[in-house]
Amino acid sequence: MVTAAQVWEALAEIPDPEIPVVSLVDLGVVRDVAVDGERVRVEFTPTFLGCPALEVMRDAMARAVRTLGGEPDVRVISDDSWSTDKITPAGREKLRAAGFAPPAPREATAPTLVQLQSGVFRCPYCGSKDTKLENIFGPTPCRSVRYCNGCRQPFEQFKTI
Amino acid sequence: MSERAQQLLELADDELILGWRDSEWTGIAPSLEEDVAFSSIAQNEIGHARALYELAARDLGTTADALAFDRSPEEYRCAPLVELRRLDWARTIARHWLYETADELRLAELKSSDDAELAGLAAKMDREEVYHRMHAQMWADRLRGDERFESAVEELWPYAVALLPEPLRRALSEQVGRPLPSNSLLLELERGRHSDELDELLEEMTVVRRSIPGATW
């Protein structure tokens, strides 16, 4: 019989469809795994509601559960329970190594343009804080585009959600 | 139809139709940055519409796709503000800024709703809308004082007021610093009244789905 620990292990092997260096577990989008006999309920939260990878992730998780011999029930939970703070320390390090600056921590008040335009964001390549905002939006809704004056390299900064 | 389903459809229709309008800038915005920005905003708004339609579909015993694509034009509950087509850049930014300002008030109320499911979804949407508001504010600050922008705000202001339910209109008026328009004007712009522009939009948006009825995409 399949156990919750086995399911978590299998889900940790599924890469994010858009940034394959991190897994769904690294991203913190798997909220809960509950096993009841053969039935395996997986609750997961989308990063952004318009994420086009939603179906791909759901199907990949269902497949992983079936491979373990379980009957999957994958539920998408559209509430505020996920934030970029849920990305694991290992996940953040993998993002940084791949050239994506990890998100700043969520604060009590929503982020502001002034914050985004300030120099608190560190370049993932050279570590310099001499970086500037190029565009609030980037190749996917979850990222902004910044430029590092230190190493003259544009880079992608995860938005804080 | 329950009051809840009605409210969900109003929100979803606003986000879907505006998302479609925003996506019309994909490939032709004045700069690459804005091309990316409006495409991302469109993607978010349509994502919000999907989540809202899914809640409504469960209440109404149908599917999100059927609600988004299979209704007749008069069944859509969106506000006239989001229907307007092919606006120039000044009017696009005026609508964007007015919509986001009004939407923030609406979401703040929904977030404290007793309906936990709706409150949770509104909180999630609002996290994303924060970035839309930043973008809208940045552009509004840049264009403030520009004649074309100011006259666009003047023109679209009654539309923005008509988007909100009556109890929230006063707060919008204070936030934007403009007096409330007359009731007769607001009546003309009432939610659910549609222009020919919506028919054209729906014709285009649903053409693929209608081409093979009943297909699974």
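Predicted model: local features only at pLDDT ≥ 70, side-chain atom pairs only at ≥ 80, totals over all residues.

Trainee: OK, what is the secondary structure of chain B?
Mentor: Chain B has eleven helices and zero strands, where helices (H or I, at least four residues) and strands (E, at least two) are DSSP runs numbered from the N terminus.

Trainee: And why does its radius of gyration agree with a compact globule?
Mentor: For 217 residues a compact globule would have a radius of gyration near 17 Å, and chain B has 17 Å, so the two agree; the radius is taken over C-alpha atoms, and the globule rule is 2.2 Å times the number of residues to the power 0.38. Along its principal axes, the C-alpha trace of chain B spans about 50 × 40 × 35 Å.

Trainee: Switching to α5(B), which of its residues are buried?
Mentor: Among them are I93(B), W97(B), L98(B) and Y99(B), and also the charged-class R95(B), E100(B) and D103(B), where buried means that 20 or more other C-beta atoms, placed from the backbone, lie within 10 Å of the residue's own. What covers the buried residues of α5(B) includes α1, α4, α6, α7 and α8 of chain B.

Trainee: Where does chain B touch chain A, and how many residues are in contact?
Mentor: In chain B 24 residues are in contact with 17 residues of chain A, contact meaning that C-beta atoms, placed from the backbone, lie within 7 Å. The elements that give two or more residues to that side of chain B are α2 (32-60) and α6 (116-143), and α6(B) provides the largest share, 13 residues.

Trainee: What about the domains of chain A?
Mentor: Chain A is divided into domain 1 (4-76) and domain 2 (99-158), with bounds that come from an automatic or database domain assignment. The C-alpha centres of these two domains of chain A lie 29 Å apart, and five residues of domain 1 are in contact with four residues of domain 2.

Definitions and conventions. Residues numbered from 1 in each chain as written. Chains lettered and ligands numbered in written order. Contact = placed C-beta atoms within 7 Å. Buried ≥ 20, exposed ≤ 12 C-beta atoms within 10 Å, placed from the backbone.
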